[in-house]
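Hello,

Here is the structure I promised to pass on to you. Have a look at it first, and then read on for what turned up.

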Amino acid sequence: MADYTSGGGDRRGPGNANAGSKGEVPRARSASAGLGEVLLREEVVSLAQLDDARKEIERHGGKLGNTLAKLGYVSEQQLVSFLSKQYGVPAVSLEDIAVPEEVIKMVPKEVAQRHGIIPVEKQGSSLIVAVSDPSNIYAMDDIKFLTGYNVEMVVAAESSIREALEDYYHEEEQVLEDIFEGMAEEDVSILQEDQGIDIEELEKESKDSAVVRLVNLVLVDAIRRGASDVHIEPYEKEFRIRLRIDGVLHETMKPPLRLRNAIVSRLKIMAELDIAERRLPQDGRIKLVLGREKEVDFRVSVLPTLFGEKVVLRILDKSNLQLDMTQLGFAEDQLAIFKDAINQPWGMMLVTGPTGSGKTTTLYSALMELNKTSENISTAEDPVEFNMAGINQVAINDAVGLNFAAALRSFLRQDPDIIMVGEIRDFETAEIAVKAALTGHLVLSTLHTNDAPSTINRLLNMGVEPFLVTSSVNLVAAQRLSRKICKDCKAPTEIPVQSLMDMGLTEEEIENFEPMAGEGCKTCNDTGYKGRLALYEIMPMADELRECVLQGYSAMELKREAMRLGMTTLRGSGIQKFIGGQVSMEEILRVTRRD
């Protein structure tokens with residue numbers, strides 16, 4: 001096993017497993033922007049040199065570190081040594097390492113090339129990955145999501161990584177050569193596919209009464225079933241529609257393949273999109289009126305795929321929006337701590353979790369609690385999901401330069417009391433949010449991390465100074481959504497005692513309760529589940545935790561200290577609801593990990 005200590009690094013740096021999280025691919029600043037900020041802040045390069053490098057990248061492409069080295073402003077070895085020391089991760093020489101084939105296969109070639117990384121070694125549940133830019137934490141998120149392994153960084157020269165990519169990922173080209181060896185040119189023929197689309201005919205088909213009724217049926221059925229998303233997916237030989245109900249996708253319909261283009265065009269017309277554009281992604285919105293009063297918004301995303309355009313509709317039904325904090329899933333003591341944090345006169349309250357874990361609902365419920373005539377509340381959201389009376393909501397529009405940082409900077413000139421930022425994605429947004437929290441404003445926001453303690457490390461990795469984090473953050477809440485057992489078919493179930501003990505229950509708890517599960521009925525579409533509730537991990541920033549942050553504790557060490565101070569983990573919150581008969585053991589195991 002290789003020794004990754006040559007850079008004097010500390011595994012508490014941004015390369016530890018808690019630096020990443022699953023979720024949607026972040027639309028944050030580039031990795032080069034993060035590296036540039038660090039090099040500039042530490043006076044390794046000047047602003048003029050950084051500008052020269054960025055202009056060179058604009059003209060000829062490439063990455064920042066390699067470009068700075070090519071221009072002679074810093075050597076690659078100096079850069080590696082600096083990054084190793086700055087980020088506390090080991091430095092390695094890839095020339096001295098032989099990477100096993102099974103490790104290379106863990107990261108697809110396209111991902112490795114896109115992020116400029118190379119997997120080096122697998123150690124237990126961790127994957128060691130060599131990077132040239134440790135600030136690119138989003139690359140680690142991608143790899144963790146793809147492999148399921150915790151990801152740890154080591155830093156190496158960019159040229160060494162580029163050579164390693166060529167050395168280790170060349171086999172695919174050789175396989176193609178082997179396949180075509182001995183094949184004559186006449187053995188291969190080309191099947192031409194007619195890509196010509198008659199727009200007038202397509203528009204006519206999309207207005208056909210049968211297509212209109214079918215699309216309306218799909219949308220209304222999704223609303224009645226309580227779905228959160230509708231997936232309309234074309235494949236080579238079939239066309240299917242799936243609904244995400246209580247967080248899980250279910251196939252509901254397979255319309256005739258010949259209706260594929262007409263159905264997609266109908267949805268694009270409803271969302272006021274260009275039906276002639278079939279090569280680029282498009283985003284729009286549909287407002288549907290059911291009966292006389294009920295209004296439902298659909299956020300529409302159209303994506304060109306191999307066999308046609310896939311459409312995903314996010315259902316924004318305000319009537320289903322649960323803003324009563326007591327009904328979200330907080331335990332009584334957790335709710336008291338949460339309310340205390342949001343009623344502080346200043347500071348920052350962060351909610352963290354993967355995409356679709358209910359973070360926005362938690363923030364909206366907090367805003368409704370705070371929404372009074374005496375308070376000026378402004379929010380920056382991407383996009384605005386629900387309109388809330390009395391709150392100034394701003395929709396982020398990157399195309400015109402209105403990003404979270406720009407909106408937040410503008411809010412500070414609007415005499416705010418409470419600010420909600422949809423997501424802290426980069427150093428600039430984090431820095432402004434922290435300063436706002438320190439200057440007498442209450443700031444609410446979200447991040448994508450696995451648990452509450454790793455949120456602190458994420459802020460540090462972004463470049464926020466530890467003393468600013470400890471001074472500004474009041475509370476971090478991590479959450480997951482778990483499906484509730486259907487009340488109409490709930491029944492006692494048998495679970496082996498050993499399984500319950502493995503899950504984390506004590507002998508006393510096992511003796512005093514009866515496990516429940518849903519048997520499946522008409523109400524829950526035979527799934528055994530109906531509705532969802534949140535599991536929370538509430539971590540108030542006690543003085544002891546602040547001291548730990550200042551001393552450079554890792555996320556795992558912070559978690560141990562928070563648990564010692566009384567924090568209930570996500571798994572612990574799930575066990576409480578399992579004992580209370582609200583959720584099943586399978587759901588707790590699905591949405592949480594053992595702590």
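Before we start, a word on naming: helices here are DSSP runs of H or I with at least four residues, and they are numbered from the N terminus. Please also keep in mind that this is a predicted model.

Let's begin with helix H2, which covers residues 47-60. Which residues of H2 are buried? They are Leu50, Ala53, Glu56 and Ile57. These residues cover an arc of only 120° around the axis, so they lie on the same side of H2. On the face turned away from that buried side you will find the exposed residues Leu47, Glu58 and Arg59.

Now to the sheet. Three strands make up an open sheet with mixed pairing, in the order S1-S2-S3. Strands S1 (117-123) and S3 (150-155) are at the edges; each has a single partner strand, so one side of each has no neighbour in the sheet. On average, neighbouring strands are turned by 30° against each other, ignoring direction. Strand S2 (residues 126-131) runs parallel to S3, and 6 bridges join the two. Across this pair, valine 129 stands opposite methionine 153 in S3. Helix H8 (residues 158-168) packs on the sheet, where it touches S1 and S2, and its direction makes about 75° with that of S1.

Enjoy exploring!

Best wishes

Terms used: Residues are numbered from 1 along each chain as its sequence is written. This is a predicted model: local features need pLDDT of at least 70, side-chain atom pairs count only at pLDDT 80 or more; totals for chains, interfaces and linings use all residues. Side-chain values use heavy atoms; hydrogens and water are left out. Two strands pair if DSSP finds at least two bridges between them. Axes are lines fitted to C-alpha atoms, for helices over the stretch in contact, and angles run from 0 to 180 degrees between N-to-C directions. Contact means heavy atoms within 4.5 Å. The expected span of a helix is 1.5 Å times one less than its number of residues. Buried means under 20% relative accessible area, exposed over 50%, partly exposed in between (1.4 Å probe, protein chains only). The arc is that of the directions from the helix axis to the C-beta atoms.
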